[in-house]
Amino acid sequence: MKIPLFSRANKEATDPVCHMTVNPDKPNGGSWGYEGNLYYFCAPGCKIAFQKDPESYLSGEKKIEM
Ligand SMILES: [Zn+2]
């Protein structure tokens, strides 16, 4: 039986604001639950931006370039 070498690679989340990859074990910007989903952030600024207007980021209308 083969054990995939990169099975740990699945353990990542995407910041909904800047679309950076975030480690959900220790997200620099923390996490925030919205509409039953938990979102992770690369920096506190992204979390604040998302909390102000989550729908615009989820729909792709808004995006912050880092
Ligand atoms: Zn971010």
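This is a predicted model: local features need pLDDT of at least 70, side-chain atom pairs count only at pLDDT 80 or more; totals for chains, interfaces and linings use all residues.
Local features are reported where pLDDT is at least 70 and side-chain atom pairs at pLDDT 80 or more, while totals for chains, interfaces and linings use all residues. Residues are numbered from 1 along each chain as its sequence is written.

**Overall fold**

- The protein chain has 2 helices and 4 strands, where helices (H or I, at least four residues) and strands (E, at least two) are DSSP runs numbered from the N terminus.
- Along the sequence these elements follow the pattern β-β-β-β-α-α.
- Of the 66 residues of the protein chain, 23% are buried; a residue is buried if 20 or more other C-beta atoms lie within 10 Å of its own, exposed if 12 or fewer and partly exposed in between, with C-beta atoms placed from the backbone.
- Among contacts with a separation of 6 or more, 32% join residues 24 or more positions apart, a contact being two residues whose C-beta atoms, placed from the backbone, lie within 7 Å.

**Nonpolar core**

- The largest nonpolar core holds 11 residues, among them Val17, Cys18, Tyr39, Phe41, Phe50 and Tyr57; such a core is a set of buried Ala, Val, Leu, Ile, Met, Phe, Trp, Tyr and Cys residues joined through C-beta atoms within 7 Å.
- Two or more residues of this core come from each of β4 (37–40) and α1 (44–52), and α1 gives the most, with 3 residues.
- Not counting residues up to four places away in sequence, tyrosine 57 touches Pro16, Val17, Phe50 and Lys62.

- The buried residues of α1 are Cys46, Lys47, Ala49 and Phe50.
- They lie on the same side of α1 because they cover an arc of only 165 degrees around the axis, the arc being that of the directions from the helix axis to the C-beta atoms.
- These buried residues pack against β3 (31–34), β4 and α2 (54–58), whereas the face of α1 turned away from the buried side carries the exposed residues Pro44 and Lys52.

**Loop residues with positive phi**

- Histidine 19, in the loop between β1 (13–14) and β2 (21–22), has a phi near 65 degrees, a positive value in a residue other than glycine.
- Histidine 19 counts as partly exposed because it has 16 C-beta neighbours inside 10 Å.
- Glutamate 35, in the loop between β3 and β4, has a positive phi near 50 degrees and is likewise a residue other than glycine.
- Glutamate 35 is exposed, since 8 other C-beta atoms lie within 10 Å.
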